[in-house]
Amino acid sequence: MTLEDRYAPQLDKLAEVAVRVGLNLQPGQDLVLTAPVAALPLVRRVVAEAYRAGAGLVTPILGDEALMLARYRNAPDDSFDRAPGWLYEGMAKAFEGGAARMAVVGDDPMLLADEDPAKVARAGKANSMAYKPALEHIANFAINWSIASYPSPSWARRMFPDLPEDQAVDRLAQAIFAASRVDASDPVAAWQAHNATLRARTEWLNEQRFAALHFTGPGSDLTVGLADGHEWQGGASVARNGVNCNPNIPTEEVFTTPHAARTEGHVRASKPLSHQGSLIENIEVRFEGGRITEARATRGEAVLHKLLDTDEGARRLGEVALVPHSSPISQSGLLFYNTLYDENAACHIALGQCYSQCFEGGDSLSPDEIAARGGNASLIHVDWMIGGAETDIDGLREDGTRVPVFRQGEWA
């Protein structure tokens with residue numbers, strides 16, 4: 001019996017959540033959908049659900065692990081400085097025309113672990129540069145977009161290497177369905193309740209008007225200055241096109257934009273970071289004037305340094321996010337090797353590009369105005385986890401007043 005046969009009802013619900021909650025796809029709206037071929041059982045359901053929601057045209061773009069590996073093992077060297085800019089320009093044009101964006105992920109997150117890290121870094125940079133016209137519509141929240149996941153065999157084998165493949169897939173499937181709330185009798189209602197909880201958190205934080213957050217914990221003493229006129233977001237948010245959507249399925253975070261020049265201190269990662277096929281473990285960095293001046297890791301340090309050297313903004317923060325240690329993904333005890341999941345297990349920071357939505361009046365701000373308020377710009381946006389059961393966070397007001405925000409990994 002295939003995974004599709006075993007979990008048809010859950011996949012049906014996940015497709016409904018992806019389209020109705022994640023995207024909140026509007027009648028007549030086009031959809032650009034990317035996915036691995038391994039996720040076709042979910043992709044087919046998402047497409048059908050999108051058309052039932054009134055989609056004008058759904059355009060799927062499929063990738064494949066074997067095709068990706070074929071490039072790294074057979075392509076000439078200069079291939080790794082190229083990317084399909086024509087494709088991304090077309091996607092940007094679709095977004096400008098009102099299309100929504102859906103990504104289904106499911107490939108082995110460590111697919112490129114054994115490939116030449118220099119080629120992986122070069123290809124990643126070329127792709128980031130080419131993707132920028134399309135990414136701007138997502139980073140600026142100009143459109144409704146969302147990400148969901150499919151429990152592919154290769155991802156399951158990566159997470160559970162000691163289990164037979166069918167058991168590994170079952171474990172991953174159950175974890176994805178639980179985190180995505182599709183194991184509830186009414187997943188849409190469950191998401192409405194969850195979004196209400198996250199909205200209450202963001203409203204409290206926005207009322208506080210903190211100037212900075214002070215993180216302390218094992219190996220960490222970090223003060224993250226917040227951007228001028230920052231705004232906290234979390235759960236469902238209204239995109240610039242007026243559609244209320246959930247960009248991440250699942251999500252447990254509330255997040256905002258740090259000031260690019262106001263982070264000071266040192267911090268140690270609480271979980272490994274899986275990045276472009278490499279696992280970076282025990283990251284430790286020091287910030288001075290908002291910029292990382294020292295960085296080390298016990299594994300993957302060369303990859304970390306290549307990431308930090310992407311551009312000037314890669315050494316500065318574009319996001320800070322709060323996630324309680326009691327989140328369902330944290331309590332699962334699993335490392336997913338996938339940032340969409342692992343970032344929702346712990347408080348985290350992101351190197352690189354900020355989100356314009358995390359400013360008061362962000363819809364009307366130009367890039368120069370965002371920069372003037374402290375928003376960071378970069379070709380990358382890479383989240384890594386810094387929170388855990390021993391994390392304390394204080395909110396700092398302009399007058400120096402301290403307000404407890406987290407104690408021992410939980411909301412104070």
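This is a predicted model: local features need pLDDT of at least 70, side-chain atom pairs count only at pLDDT 80 or more; totals for chains, interfaces and linings use all residues.
Local features were required to have pLDDT of at least 70 and side-chain atom pairs pLDDT 80 or more, whereas totals for chains, interfaces and linings use all residues. Residues are numbered from 1 along each chain as its sequence is written, and side-chain values use heavy atoms, with hydrogens and water left out.

Four strands form an open sheet in the order β2-β1-β3-β4, with parallel pairing (strands are DSSP runs of E of at least two residues, and helices runs of H or I of at least four, numbered from the N terminus; two strands pair if DSSP finds at least two bridges between them). The edges are β2 (58-63) and β4 (145-149), each of which pairs on one side only. The twist averages 15° from one strand to the next (axes are lines fitted to C-alpha atoms, for helices over the stretch in contact, and angles run from 0 to 180 degrees between N-to-C directions). Strand β1 (residues 31-36) is joined to β2 by six bridges, and L31 has V58 as its bridge partner in β2. Helix α3 (residues 40-52) packs on the sheet and touches β1, β2, β3 (100-105) and β4 (contact means heavy atoms within 4.5 Å). The direction of α3 makes about 170° with that of β1.

The axes of helix α5 (residues 85-96) and α6 come within 8 Å and cross at roughly 5°. The two helices therefore count as roughly parallel (angles under 35 degrees). On α5 the contact is made by G85, Y88, M91, A92, F95 and E96, and on α6 by N127, A130, Y131, P133, A134 and H137.

Helix α6 (117-139) also contributes to the second largest pocket, as does α13 (367-372), each with at least two lining residues. About 400 Å³ of space lies in this pocket (on a 1 Å grid over the protein atoms alone, a pocket is an open set with protein on both sides within 12 Å along at least five of seven lines, a cavity is a set of points where a 1.4 Å probe fits but cannot get out, and lining residues have an atom within 4 Å of a point; grid points are joined across faces, edges and corners, and a volume is the space filled by probe spheres set on the points). Of its 20 lining residues, E136, N140, Q353, P367 and A377 are the closest to the centre.

Two cavities of 30 Å³ or more were found in the whole structure. The largest holds about 40 Å³, and its lining includes V323, H325 and F406.

Technical notes: Angles under 35 degrees count as roughly parallel, over 145 as roughly antiparallel, 65 to 115 as roughly perpendicular and the rest as oblique.
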